[in-house]
Amino acid sequence: MNTIAERIYDFLKGFPPFNLLTRDQLLAVSAAVDVIYLEKNTSVFDVGETIENHFYVVKDGAIGLYRNDSTLVDECDEGDVFGLRALLRKGNYILQAKAIEETIVYSISSKLLEEYITTNPLASKFLMHSFISNTRTEQDSGDTTIVVDQQNISDLQSADYSKNPVTCSSSTTVKDAALLMSSKHVGSVVVVEKCKPIGIITDKDLRIKIATGKVPISEAVTAIMSCPVKTFPENITVAEAQIAMLKHRITHLCITKDGTPNTELTGILSEHDIIVLRENNASALIKEVKRSTTVEQLKNIRQRTEQLLERYIEQEIPIDFVSRLISAINDAITQRIIDFSLKETTDKPPVKFAWLAIGSQGRQEQLLLTDQDNALVFEDVSKENYEATKTYFIEFAKKINADLALVGFELCPADMMSSNPKWCLSVSEWSQQFSRWITTPDQDNLMLCTIFFDYERVYGDMTLVNQLSDSIFKSIEAHDIFLNYLGRNALQNPPPLSFFRQFLVEDDGEHKDQFDIKARAMMPLEDTARLLILSHNIKSVNNTIERFEKLVELEPQNKETYQFCIESYKDLLRFRTEQGLTNKDSGRFIDLETLNKGNRLKLKRSFKAVKSIQELIKTRFKLSQLM
């Protein structure tokens, strides 16, 4: 793959629907993308033009979408997709797309869309839901346009409605209802009869019917209420709620047990609730990160990310999807902090560098706020410039690590951070260090390999990262016995059940009698996925689930085992996240007494996956001889 395609791949993988494609699918798309540079006020397409067989992604700058009368309909910035709905609709463009400033866009053909994107179930599902949730109606033009926001899956969620609706009876006077609304600080009152909704009064009704004198305030609420009410079920999605409000031209929906007026009222969903939800989705948070100017603002965004995670988990959004979204927000925060540091320093970086996330962050599996793990690689320099260069980057890293801690990512107790001189090295030093670990695979070096071999570039030069990957595989090729030692290390945690099929728990210490879900269940799957993907010489696939998915493709004969591992790891990741959110900690140690029978069975099922994958690597790498 050429350098331009690599840069396109590196950019697109951060935005949906492209981040939902397999690595091979996205590489194929990236290699065929056309790059278009636009001066300010240059059009991509105009109203009335025949729709071309392309849609577009904004790389840098901003694109405005305008009606024929030059009214700005929407503004697309970095990562936003435009022209896709028009492409699917065919005919002529109904809006003009014009550069608001100097802009670079990627043009992607309909052939690529059909071959790689719509054939991918996750990406296709995302686009379908995005059409519903992000469609803005243009009444004057009689058509709609779509902008697919970054990481936006709020349309998949059940709407978060108020579960304590304010109600009154049909005999209540308008005055009493207005006083009730005022005292409860709400914008509506539902009129009920035997707990069933028969009408609704909103602020708008009071303004139009009472404030104008049309109806006396002493009248019963039945004189001004809207009826019959529009009722919907408790599992209504955000997209369905938006469509209902647009269709019926209303701002409040009554939620009932079965979605009909014939059952008990259980909640009220307002237009304001939808707005609040949209302001706190992944897309909105990432955009806020990019527009932030202080670390304090980033801290607030990260706290809201935790709330977003709770909502996603509660509403059972697929955990692999959630982990990508939360990782994208974490990466965006880190990138912004690095931007702050670069702007604040008077001395610019002396050479090219890259900031790496390692461990669970590098695998894009850090859902909860845990301590930070990172490293820094910089370009090789001459001996006389080395000390000054390294000193610069260590001081630079200290500032970034400190700011990340202020946001909420605690400093690593083991000092696995870029500010540690051991983990702030030139590309040659990193390559030499990797080689030492591989050629001398003692327990300490193997432990470091399991952490540092799971890295992901967050910021900086990709060429340096590629050099690191090349050096790892070159060393492994020269010392292939290393994989056997790595395999033996992956067997250090066998399936965590005793002879009597009981959970193996901690014997002593702070977590006595608790189950370590990370070490005893998740790490064995992470370690085996890493080992197998390294044995296939596959680069840039770091996520555990994605590694097993790639192995399904590479080894169809073991498809059943790998798919079992995928489902088990998803269960474990979700379970640890739920525990962490409940207990306000890392979710690593679990009090088994708090688990119900269903959760215990789910945990035990995942241990079967650990056993099956460990048996596979034991046979493949002849590990019985090394045990």
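**Close-up views of a predicted model**

View 1. Strand β4, residues 63–66, is joined to β7 by four bridges, and the two strands run antiparallel. Here helices (H or I, at least four residues) and strands (E, at least two) are DSSP runs that are numbered from the N terminus, and two strands are said to pair if DSSP finds at least two bridges between them. Within this pairing, Y66 has Q96 of β7 as its bridge partner. The structure is a predicted model, in which local features need pLDDT of at least 70 and side-chain atom pairs count only at pLDDT 80 or more, whereas totals for chains, interfaces and linings use all residues. Residues are numbered from 1 along each chain as its sequence is written, and side-chain values use heavy atoms, with hydrogens and water left out.

**View 2. The whole of the sheet that holds β4 and β7.** This open sheet has four strands in the order β2-β7-β4-β5, with antiparallel pairing. Its edge strands are β2 (43–45) and β5 (72–76), each of which pairs on one side only. Neighbouring strands of the sheet are turned by 25° against each other on average, direction ignored, where axes are lines fitted to C-alpha atoms, for helices over the stretch in contact, and angles run from 0 to 180 degrees between N-to-C directions. Strand β7 (residues 96–99) is also joined to β2 by two bridges, again in the antiparallel sense, and F45 stands opposite A97 in β7.

View 3. Strand β12 (residues 188–193) pairs with β13 in the antiparallel sense over six bridges, and V191 stands opposite G199 in β13.

**View 4. Helix α13 and the residue that follows.** Helix α13 (residues 383–407) has 25 residues and reaches 37 Å from its first C-alpha to its last, close to the 36 Å expected at 1.5 Å a residue; the expected span is 1.5 Å times one less than the number of residues. Just after α13, G408 takes a positive phi of about 140°.

**View 5. The largest cavity.** On a 1 Å grid over the protein atoms alone, a cavity is a set of points where a 1.4 Å probe fits but cannot get out, while a pocket is an open set with protein on both sides within 12 Å along at least five of seven lines, and lining residues have an atom within 4 Å of a point. The largest cavity has a volume of about 250 Å³, a volume being the space filled by probe spheres set on the grid points, which are joined across faces, edges and corners. Of its 22 lining residues, Y455, S469, K539, S540 and N542 lie nearest the centre of the cavity, and α16 gives the most to the lining, with six residues.

**View 6. The second largest pocket.** About 960 Å³ of space lies in this pocket, and among its 35 lining residues S360, D373, K518, M523 and R588 lie nearest the centre. Helix α18 (517–535) is one of the elements that supply at least two residues of the lining, and its seven residues make up the largest share.
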